[in-house]
Amino acid sequence: MADHRAQVEDLLADYRRGRDQLAGVHRALAAINESSTSPCGLVTATVSAQGLLTALSVADGAYRSYRPHELAEVIVAATAAAAASASRVACEIMAPVLPSGTDPAAMLRGTADLTPAEIDPLPVEDESFEDVHWLESGKP
């Protein structure tokens, strides 16, 4: 009976250690806040671990240096660079707690256990709605 009790205690201790480790990973992922500044130095984008834009700084000079569509491209590029950095940091945090051989990036994307055929979307037939006139068809 004592052996059984010791095994249960060991299992509970392992569970608590794993749970604490998972909580630490969760806190570290939640704290990710990565920024990227455009090469021109006029735009800085900050994103969360999920790549969501959380802050954007646009210098006054940006409006004189770029046309609106050009400035939009600079903002998108800075945001993408910050998101890539956040993804790298998240992978570094996740790697130590994942089973050997698991790709942290695939895990974060939700594709770790999927085959390429399962990841690629099914082809969608192109339905053209040109020349479709529901109101004129007489059908309810």
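The structure is a predicted model, in which local features need pLDDT of at least 70 and side-chain atom pairs count only at pLDDT 80 or more, while totals for chains, interfaces and linings use all residues. Residues are numbered from 1 along each chain as its sequence is written, and side-chain values use heavy atoms, with hydrogens and water left out.

The protein holds 5 helices and 3 strands, where helices (H or I, at least four residues) and strands (E, at least two) are DSSP runs numbered from the N terminus. Along the sequence these elements follow the pattern α-β-β-β-α-α-α-α. Of the 140 residues, 21% are buried, a term for residues under 20% relative accessible area, with exposed meaning over 50% and partly exposed in between (1.4 Å probe, protein chains only). Taking contacts (heavy atoms within 4.5 Å) between residues at least 6 apart in sequence, 40% join residues at least 24 apart.

Strand S1 (residues 33–37) runs antiparallel to S2, and 5 bridges join them; strands count as paired if DSSP finds at least two bridges between them. Their hairpin has 5 residues between the strands, and Gly 41 there takes a positive phi near 80 degrees. S2 is also joined by 5 bridges to strand S3 (residues 53–58), again in antiparallel fashion. In this second hairpin 4 residues lie between the strands, and Gly 51 in the turn has a positive phi of about 85 degrees. Thr 44 of S2 illustrates both pairings: Thr 37 stands opposite it, and Ser 57 is its bridge partner in S3. Strand S2 (residues 43–48) is mostly covered, with 5 of its 6 residues buried.

Helix H3 (residues 68–94) comprises 27 residues and reaches 39 Å from its first C-alpha to its last, close to the 39 Å expected at 1.5 Å a residue; the expected span is 1.5 Å times one less than the number of residues. Its buried residues include Leu 71, Val 74, Ile 75, Ala 78 and Ala 82. Among the elements that cover the buried residues of H3 are helix H1 (2–30), S1, S2, S3 and helix H4 (104–109).

The cysteines complete the account. Cys 91 counts as buried because its relative accessibility is 15%, whereas Cys 40, at 34%, counts as partly exposed. A search of the whole structure finds 0 disulfides, a disulfide being a pair of cysteine sulfur atoms within 2.5 Å.
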